[in-house]
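Here is my note on the structure you asked about. Please read it with the model open.

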Amino acid sequence: MRVGAPAGCEPAYSFLERLAAGNGSSVECLARDYGLSARAIGIGDRTEVGRLAAVACVDESALCKGTPSYDRTFDWTLGAETFGKQFLERARPVVCWHCIRNDRIADAAGKDSGVRRRVWWDLLALHRCPLHRIRLHKPRFDGGLEKECPEPLLDEEDCAWEAYVLGRLGFAERVDSDLLDCLSFESACEIVATCGAVSTHGTGHRARIKHLIGNAPLLRTGFQSARSRTDFLKLLDRLWKNAEEPVKGWSLPKVFGSIYTTIDYRKDDSLEPVACTLRQFVAENVPRARIRMTLGRRGLDSTVVPGWYSDAELDVNPRRMSRVGRSLGLLGPEHDMKADGVPEEVATKIVGMLKSTIDAKELKKSLQVSEKQLRLIMRAGLIEPIHVFQGAQSNKHLFSKNLPNRFLESLMGDAPILKRAQDDWQTIFAASTRGTCLTALLKALQDGTLRAKCRLKDVSGIPAILISRADVQALRLSLGRVYDCITKDEFGARIDLHPHTVGSFINRGIIKPHVKEQSKKIWITEEEFRKFDANFVLGSKLGKFMGISNKMLGAALKKEHGIIAVMLPDNNVTTLYRRADLLKAGLPMPSVYTG
């Protein structure tokens with residue numbers, strides 16, 4: 001089996017076709033006779049390509065170099081580049097006449113047995129041969145390939161995009177691009193096609209990428225606009241100048257068209273170098289008062305300007321700058337932001353302080369506490385702000401940036417970090433719902449009276465710290481507190497009652513609460529709950545159990561058994577019946593709570 005050896009740019013499926021033709025067979029018959037898989041060779045399976053090279057006695061590395069492989073992620077890989085299936089068509093019906101003519105001249109003995117395909121003929125984003133500077137055409141079979149092609153040669157600029165792609169794939173000399181080289185091959189094709197569409201058809205043009213890469217003039221124009229960061233910034237500047245003045249104030253997608261929307265719709269960072277260039281242009285040319293966010297982020301500049309500061313981690317508008325400056329005493333109480341502005345030295349001090357602090361919102365997120373819990377912790381003196389703004393602002397406290405870590409370390413002590421907890425461990429918040437206030441538990445953890453057992457690995461904030469139930473019970477006994485206590489909310493949740501209804505039972509003396517001295521919250525002991533549940537049953541639950549509506553239940557029990565409710569319906573208060581009266585009458589009743 002002898003046939004012309006493959007060049008480094010011929011795919012394996014083209015070589016297999018020539019091999020079959022040279023031996024007077026078809027691809028299927030040749031593959032079956034030698035135990036090869038034509039389908040695996042067609043998708044570039046490296047094992048099958050190696051077996052094909054061994055059968056034909058050719059260099060395996062040369063055959064693999066020009067063969068794209070199709071992986072399980074439904075992407076093609078050619079050399080070091082990976083791209084989707086919409087960018088490649090195997091045996092695409094286009095050829096370069098000069099390439100074929102040169103092959104036939106070199107193959108005087110006729111060993112090639114067909115056309116040596118180049119792998120870049122199958123790339124849908126390439127429409128010209130950069131080596132011979134002619135367009136790719138449909139193949140001819142009339143012998144015209146032996147003659148000189150009458151088509152005039154193209155300029156180097158016309159084939160610049162194809163030359164860049166071939167150099168990137170390793171089939172020609174590399175052409176550098178400081179913008180496209182930072183992108184994947186697929187992203188580079190997409191941004192070149194998008195820039196070409198916007199340059200040619202305007203910002204209102206919309207089309208799919210598979211249609212754009214099939215337009216050769218559009219790709220030529222797009223590569224000229226995206227060859228470097230300088231060329232790309234020139235395109236953005238031209239679009240900005242051509243945009244209508246009202247649009248510049250609120251709609252960047254209308255200014256930059258599909259360039260902006262293509263980057264914005266990407267969920268990954270595959271176009272991040274282009275996005276950074278676009279954000280840099282917006283930061284330098286668009287006033288911040290108009291547009292402060294670009295592609296979901298702030299501008300790239302971080303210079304302090306009078307009244308406004310913006311960078312990747314902080315954004316201060318003039319109003320906040322003036323408020324913070326007056327509160328710190330850096331600006332006078334009569335300071336007029338519009339008339340006087342903010343001196344650069346004052347702005348630098350204000351920005352420095354805001355960068356070293358966090359507000360209450362960030363602190364709550366770090367500790368994983370609610371607004372009410374944070375107020376309790378601050379009222380107990382466990383956390384103190386380093387600055388309080390003047391006035392009645394809702395978010396007027398500033399805290400040290402490392403305060404959350406220091407506070408959590410003081411609670412955790414030397415407890416280990418674990419993935420799982422033991423059954424008798426509980427969170428601090430769970431322990432605080434059983435009769436001991438949250439601040440008492442936190443103070444005990446800080447002074448060493450109570451020790452944390454562990455800190456959960458995948459949980460953040462205070463909920464990650466676990467304590468032992470036995471240690472909490474001992475702490476309650478030392479503080480003189482009743483151990484088994486529940487709130488009226490949990491009391492109602494156990495027997496399907498609203499907390500307000502439980503409060504009405506307390507007001508009428510049916511439930512006796514255990515009121516804590518240092519808290520306004522009402523606590524009820526477990527013993528009181530068991531006593532209530534053993535003596536009374538709700539009318540709604542009894543009606544469902546007996547299959548009688550709640551409205552008819554009272555009249556039926558009174559008429560047939562002489563049972564009167566302990567608490568008659570009054571407004572929205574639930575009816576209660578004594579279990580002893582129901583048991584004396586021999587009536588069935590729901591079981592007590594066992595949860």
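1. A caveat comes before the rest. This is a predicted model, and the values below are computed from it.

2. Look at helix 11 (residues 229–242) and helix 15 (residues 272–285). Their axes come within 10 Å. They cross at roughly 50°. Angles of 65 to 115 degrees would count as roughly perpendicular, and those under 35 as roughly parallel. The two helices are therefore oblique to each other. Helix 11 passes helix 15 in a right-handed crossing.

3. Which residues in helix 11 and helix 15 meet? Helix 11 brings Arg229, Phe232, Leu233, Leu236, Asp237 and Trp240. From helix 15 come Pro273, Val274, Thr277, Leu278, Phe281 and Asn285. By class, this contact has eight nonpolar residues, two polar and two charged.

4. Now the cavities. Counting those of 30 Å³ or more gives three.

5. What lines the second largest cavity? Its lining consists of Ile495, Phe532, Asp533, Phe536, Val537, Leu538, Lys541, Arg579 and Ser591. Five of these residues are nonpolar, one is polar and three are charged.

6. Which element gives the most to that lining? Strand 20 does, with three residues. Strand 20 spans 536–538, and helix 27 spans 526–535. Each of the two supplies at least two residues of the lining.

Terms used:
Residues are numbered from 1 along each chain as its sequence is written. This is a predicted model: local features need pLDDT of at least 70, side-chain atom pairs count only at pLDDT 80 or more; totals for chains, interfaces and linings use all residues. Side-chain values use heavy atoms; hydrogens and water are left out. On a 1 Å grid over the protein atoms alone, a cavity is a set of points where a 1.4 Å probe fits but cannot get out, and a pocket is an open set with protein on both sides within 12 Å along at least five of seven lines; lining residues have an atom within 4 Å of a point. Grid points are joined across faces, edges and corners, and a volume is the space filled by probe spheres set on the points. Helices (H or I, at least four residues) and strands (E, at least two) are DSSP runs, numbered from the N terminus. Ala, Val, Leu, Ile, Met, Phe, Trp, Tyr, Cys and Pro count as nonpolar, Asp, Glu, Lys and Arg as charged, and the others, Gly among them, as polar. Axes are lines fitted to C-alpha atoms, for helices over the stretch in contact, and angles run from 0 to 180 degrees between N-to-C directions. Angles under 35 degrees count as roughly parallel, over 145 as roughly antiparallel, 65 to 115 as roughly perpendicular and the rest as oblique. A crossing is left-handed if the near helix is turned anticlockwise from the far one by less than a right angle, and right-handed if clockwise. Contact means heavy atoms within 4.5 Å.
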